[in-house]
Amino acid sequence: MRKSKSDDAPKFSELVTLSKQNTALIVVDVQNDFVDSCGSLYVQDAESVVPNINRMISDARSEGRLVVYTQDWHPEVTPHFAKDGGIWPVHCVGDTWGAEFYRELAVAPDADFVRKGTGGEDGYSGFSVRDPQTGNSSDTAMERILRARGVERVDVVGIATDYCVKETALDARKRGFSTVVYCNCMKSVDLEPGDSDLAIDAMIEAGVEVRDA
Ligand SMILES: [Zn+2]
């Protein structure tokens with residue numbers, strides 16, 4: 001007897017499970033210096049999106065999906081900082097309070113963690129860092145971690161929309177991952193007014209899906 005086409009096709013529920021399993025959540029830089037109002041590079045209202053981010057983390061974990069947290073993690077002296085020739089106030093120096101995760105962030109102990117900027121590089125993207133002097137770029141462990149788990153799609157949330165979230169999402173697209181960012185799970189620095197809109201436009205242009213969680 002010939003099987004009908006529908007016998008061979010995966011059921012819708014199986015497809016949903018499959019697509020969810022292939023999706024990782026990347027939580028970008030939810031650290032004291034960016035999210036706590038006492039932080040040295042506090043992003044206005046950043047703490048207001050943390051409950052939404054926690055909901056995403058909880059959903060991902062209950063579905064058995066990979067969660068990767070990134071942390072800006074700088075040495076005390078780096079050309080990334082204004083005092084050493086860069087543009088930023090000192091922030092997220094490794095092993096200081098500013099670099100720690102924000103106290104209300106749900107940090108899953110069995111998750112993966114990617115630290116960026118540890119060797120004095122600029123580290124906006126969770127996938128790669130750039131030597132500010134030579135301009136050379138090198139990969140973090142992010143892509144290896146995702147590929148090892150068969151990830152094909154990434155949800156990107158965190159701080160800040162116009163820097164590390166944007167660069168992480170653009171880098172994910174460049175490396176062939178379907179990529180989604182969530183407006184209610186990120187906040188922007190807005191050094192110049194309108195930077196947030198420009199960042200969203202750049203992400204859409206690159207094929208990133210922008211929506212609410
Ligand atoms: Zn930094």
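Which residue follows α6 with a positive phi? The residue is G176, and its phi lies near 90°. This is a predicted model. The report turns to the sheet, then to the helices.

**The sheet**

An open sheet is built from 6 strands. Their order is β3-β2-β1-β6-β7-β8, and the pairing is parallel. β3 (112-116) and β8 (209-211) stand at the edges. Each has a single partner strand, so one side of each has no neighbour in the sheet. On average, neighbouring strands are turned by 25° against each other, direction ignored.

Strand β6 pairs with strand β7 in the parallel sense, over 6 bridges. In this part of the sheet, I159 stands opposite K187 in β7.

**Helix α4**

Helix α4 (residues 50-62) packs on the sheet. The direction of α4 makes about 150° with that of β1. The strands that α4 touches are these:

| Strand touched by α4 | Residues |
|---|---|
| β1 | 23-28 |
| β2 | 67-72 |
| β6 | 153-159 |
| β7 | 178-187 |

**Helix α6**

How many of the 14 residues of helix α6 are buried? The count is 12, so helix α6 (residues 161-174) is largely enclosed by the rest of the structure. Among the buried residues are T161, D162, Y163 and C164. V165, L170 and A172 are buried too.

What covers them? The cover of the buried residues of α6 includes the strands β1, β4 (128-130), β6 and β7. Helix α7 (195-205) is also part of that cover.

Methods: Residues are numbered from 1 along each chain as its sequence is written. This is a predicted model: local features need pLDDT of at least 70, side-chain atom pairs count only at pLDDT 80 or more; totals for chains, interfaces and linings use all residues. Two strands pair if DSSP finds at least two bridges between them. Helices (H or I, at least four residues) and strands (E, at least two) are DSSP runs, numbered from the N terminus. Axes are lines fitted to C-alpha atoms, for helices over the stretch in contact, and angles run from 0 to 180 degrees between N-to-C directions. Two residues are in contact if their C-beta atoms, placed from the backbone, lie within 7 Å. A residue is buried if 20 or more other C-beta atoms lie within 10 Å of its own, exposed if 12 or fewer, and partly exposed in between; C-beta atoms are placed from the backbone.
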